[in-house]
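Please open the model in your viewer and keep the selection tool at hand.

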Amino acid sequence: MNESKVIIISGLPCTGKTTLGHKIAKRYNLPFISKDAVKESLFDSLGCDTREWSKRLGQATYPILYYFME
C-alpha cells in the first residue's frame, strides 16, 4: 500500500505559515495546498461584497481542503 503524508501548519495570522509551508513542500518534494489560495480562488470565481460573504467563503474552504487531502 502506498503511504501518504500530510503536514498541517497552523498558527496566528502573519506568522510565516505560508513561507514555512512552501519551504517544507520544496524540501520534501510535496504538493503545497493552502487555505488562503483556495479562498482566493473562490473570491476570483464568485466575488465577495460583504464581510459575511467572506466568512462564508472562508468556511467553504475546509471541505475543499479535506477533499484534496483524501
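What follows is a sequence of selections, each with a short account of what is found there.

The model is a predicted one, in which local features need pLDDT of at least 70, side-chain atom pairs count only at pLDDT 80 or more, and totals for chains, interfaces and linings use all residues. Residues are numbered from 1 along each chain as its sequence is written, and side-chain values use heavy atoms, with hydrogens and water left out.

**First stop: helix 2**

Select residues 35–46, which form helix 2; helices are DSSP runs of H or I with at least four residues, numbered from the N terminus. The end C-alpha atoms of helix 2 lie 16 Å apart, which agrees with the 16 Å that its 12 residues should span at 1.5 Å a residue (the expected span is 1.5 Å times one less than the number of residues). Now highlight Val38, Lys39 and Leu42, which are buried; buried means under 20% relative accessible area, exposed over 50%, and partly exposed in between, with a 1.4 Å probe and protein chains only. Seen down the helix axis, the buried residues of helix 2 fall within an arc of 95°, so they line one face; the arc is that of the directions from the axis to the C-beta atoms. Helix 3 is included in what covers these buried residues. After helix 2 comes Gly47, with a positive phi near 80°.

**Second stop: helix 3**

Select residues 51–69, helix 3, and find Thr61 within them. Thr61 counts as buried because its relative accessibility is 0%. Beyond its neighbours within four places in sequence, Thr61 is in contact with Lys35, Val38, Lys39 and Leu42, where contact means heavy atoms within 4.5 Å.

Leu57 is buried, with a relative accessible area of 3%. Residues up to four places away aside, Leu57 touches Leu42, Phe43, Leu46 and Gly47.

Select Lys5, placed in the segment before helix 1 (17–27). Is Lys5 buried or exposed? Lys5 counts as exposed, at 61% relative accessibility. Its C-alpha atom is separated by 12 Å from that of Asn29, 24 residues apart along the chain.

Conventions:
Helix = DSSP H or I, 4+ residues; strand = E, 2+ residues; numbered from the N terminus.
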